[in-house]
Structures are given as C-alpha cells and as structure tokens.
Amino acid sequence: MSEFAIVFPGQGSQAVGMLDAYPDTEGAVTATVEAASEALGRDLGELIRNGPEEELNRTENTQPALLTAGVAAYGLWQARGGPNPASMAGHSVGEYTALVAAGSLEFREGVRLVADRARFMQEAVPAGQGKMAAILGLEDATVQQLCANQHSGGVVRAVNFNAPGQVVVAGDVEAVEGVLRGAQASGAKRTVDLPVSIPSHSPLMQPAADRLAERLGEVSLHTPAIPVINNVDVAAPDAPESIADALVRQLANPVQWTQTIDRMRNSGVKQVVEMGPGKVLCGLNKRIDRRMPCLSVGDAKSLDDALGAVQ
C-alpha cells in the first residue's frame with residue numbers, strides 16, 4: 001500500500017445535490033446528514049439535496065454542509081475498508097472536517113462549531129465592505145508586495161497560497177481592487193473576483209477569531225488518531241490546546257496550502273485523495289506537484305478507484 005494523504009475541500013466546492021452520487025451504503029450517508037440536521041435544529045439534508053443554491057451558498061449554511069459532506073464521504077471510505085491515511089488536511093473549513101475524520105472533534109459538535117464560526121465571520125464585516133479575489137500568474141512575493149504597497153486606507157492581504165501562481169487576496173473592497181489593478185499592471189495572467197463578501201483569513205476577521213476562541217473553550221478536542229496538518233503553521237499538533245489555538249489563528253491568517261502539500265510529499269506521501277464535493281484540491285495538486293497524483297472521491301466509481309489505488 002502506498003503512502004497517501006486525505007484532504008477535505010473548503011468553501012466554493014459546495015453544490016446542490018453534492019451527496020446524490022454517493023452510494024448510501026446501509027444508509028450511512030443518510031444517517032450522517034440526519035445527525036447534522038439534528039445538531040443544527042434545521043433540515044440541512046433538504047438544503048443539500050434541493051437547495052436553493054443561493055441558500056446553500058450562504059456561509060452559515062455552506063460550512064456545516066461541507067463538513068457533513070466530507071464526513072459522509074469518509075464514512076463510506078471506512079465502511080468499505082479504506083485504510084487510514086498517513087496524514088490529513090483540509091482547506092480552511094475543511095480543516096474541521098479533517099479533525100472530525102481524525103477523531104479529534106465529535107461530529108455533531110463540529111457541525112455546531114462551524115455554523116457558529118460562519119456566523120462570527122458574517123458578523124465581523126458588514127455585507128458589501130469585504131472582498132476576495134484570486135490572482136493568477138504572479139509570484140507569491142510579488143502579490144505580497146502589491147498588498148504592502150496598497151495605500152488606499154483599507155486592509156488587504158494575501159490570504160490563500162493555493163498553488164504556485166495562484167494566490168487569493170482579501171480585505172476591504174477598495175484596497176483589494178487597488179491590488180488587482182496593480183497585479184494586472186505587473187503581468188498577472190488574470191484576476192478573478194470570488195463570489196464571497198467575507199474577507200476570510202485577513203486581519204478583518206480578528207473579531208470573529210476572538211469570538212471563536214471563546215466558543216472553542218466550550219468544545220472538547222482530543223488528540224487526533226491521524227496527524228492533521230493545519231493551515232496556519234503547516235504543523236500537526238496533537239495537544240488539544242494547540243489544535244484550538246491554530247484554529248483561532250487560522251481565521252485571521254493565510255491558508256498555507258502549497259506548503260501543506262509540500263510537507264506531505266517531503267514526509268513520503270505518494271498520492272492524495274480529495275474526500276468530498278468537487279475537484280478543487282486535485283486541481284491545485286497538479287499545479288503544486290504533478291508527480292503526486294490526486295484522486296477525487298465524488299461518487300461510487302471514484303470511491304472504488306481511490307480504494308483500488310491506495311490498497
């Protein structure tokens with residue numbers, strides 16, 4: 001069996017019907033969705049199955065829905081005898097999915113926690129004041145310098161180092177737009193506005209991070225059974241207080257995804273399995289290291305293919 005890692009996607013990978021193609025082995029997927037709905041006190045399953053899309057895309061719904069979808073997929077993996085990976089990671093809210101899958105965070109508690117995290121984020125910056133955008137085709141250092149040189153009076157930072165030549169910036173609308181103009185003048189291949197109004201992982205999220213720190217004080221975290229590499233330090237702490245501290249800092253600091261995949265490769269990981277909706281992380285994987293194949297699990301066939309590849 002080759003060394004492999006499992007990764008879980010973040011916001012943007014959600015889609016109405018995202019669990020429909022999975023085999024509901026012995027009702028495992030249904031049970032996971034029902035447990036999430038029970039934890040939230042609202043019908044998350046109906047929203048995942050039928051939308052409407054704009055409701056699913058509301059941050060306070062997206063985050064628990066993605067956690068549920070990732071945990072459901074991993075539950076199928078386990079039910080089919082899928083082996084434990086060498087390590088796990090998740091992009092932004094996907095880190096919570098990884099912690100649930102690794103046994104560090106109880107599922108229902110995790111669902112409630114990410115719903116609160118989403119609410120704290122939503123309330124930290126008024127609608128219309130924040131913006132996120134991807135910059136393609138520039139070096140990380142160039143994007144960081146453009147942010148440092150932006151003097152519009154607003155906040156803007158590079159917040160997702162997703163792959164070489166793909167950096168997301170976030171902050172106040174005017175400051176972000178200034179950086180995008182600078183990126184285009186510096187030779188960026190293109191810039192893409194992201195359909196979110198919350199400037200995630202920027203300093204504007206510090207009020208949300210402070211509230212999250214309080215909320216995490218009510219949550220029981222445990223030593224993960226599988227190492228979970230966090231976004232903020234690219235480290236895999238096993239002490240519950242260190243895990244909680246990293247989750248708090250993650251909210252107002254960049255997601256270091258390129259470094260996360262590099263760490264996996266340097267530790268001997270030969271392939272990656274993306275567990276949950278979409279293929280975003282596998283797309284990034286090709287840009288980070290083509291020598292390390294990535295398999296996305298989104299239906300019965302891809303589950304079989306991934307199981308066959310790692311066993």
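This is a predicted model: local features need pLDDT of at least 70, side-chain atom pairs count only at pLDDT 80 or more; totals for chains, interfaces and linings use all residues.

Visitor: In what order do the strands of the open sheet lie, and is their pairing parallel or antiparallel?

Guide: In general, strands of a sheet pair through backbone hydrogen bonds, in either a parallel or an antiparallel manner. Here, four strands make up an open sheet with the order β4-β5-β3-β6, and their pairing is antiparallel. At the edges lie β4 (156-163) and β6 (190-193), each of which pairs on one side only. On average, neighbouring strands of this sheet are turned by 25° against each other, direction ignored.

Visitor: How many bridges join β3 to β6?

Guide: Strand β3 (residues 130-136) is joined to β6 by four bridges, and the two run antiparallel.

Visitor: Which strands does helix α7 touch?

Guide: Helix α7 (residues 140-148) packs on the sheet and touches β3, β4 and β5 (166-172). The direction of α7 makes about 165° with that of β4.

Visitor: Let us turn to charged side chains. How many salt bridges are there?

Guide: A salt bridge is counted where a side-chain nitrogen of Lys or Arg comes within 4 Å of a carboxyl oxygen of Asp or Glu. By this rule the count is 17. One of them links E123 with R211, whose closest N and O atoms are 2.8 Å apart.

Visitor: Which parts does the pair of E123 and R211 tie together?

Guide: E123 belongs to helix α6 (residues 107-124) and R211 to helix α9 (residues 206-216), so the pair ties together parts that are 88 residues apart in sequence. E123 is partly exposed at 48% relative accessible area, and R211 is also partly exposed, at 32%.

Visitor: How many residues apart are R249 and D245 in helix α10?

Guide: R249 and D245 are four residues apart in helix α10 (residues 240-250), which means that about one helical turn separates them. Their side chains meet in a salt bridge of 2.9 Å, N to O. R249 is partly exposed at 29% relative accessibility, as is D245 at 39%.

Visitor: Is D289 buried or exposed?

Guide: Residues under 20% relative accessible area are called buried, and those over 50% exposed. D289, at 4%, is therefore buried, whereas R291, at 68%, is exposed. R291 and D289 form a salt bridge with closest N and O atoms 3.0 Å apart.

Conventions
Residues are numbered from 1 along each chain as its sequence is written. Side-chain values use heavy atoms; hydrogens and water are left out. Two strands pair if DSSP finds at least two bridges between them. Axes are lines fitted to C-alpha atoms, for helices over the stretch in contact, and angles run from 0 to 180 degrees between N-to-C directions. Contact means heavy atoms within 4.5 Å. Buried means under 20% relative accessible area, exposed over 50%, partly exposed in between (1.4 Å probe, protein chains only).
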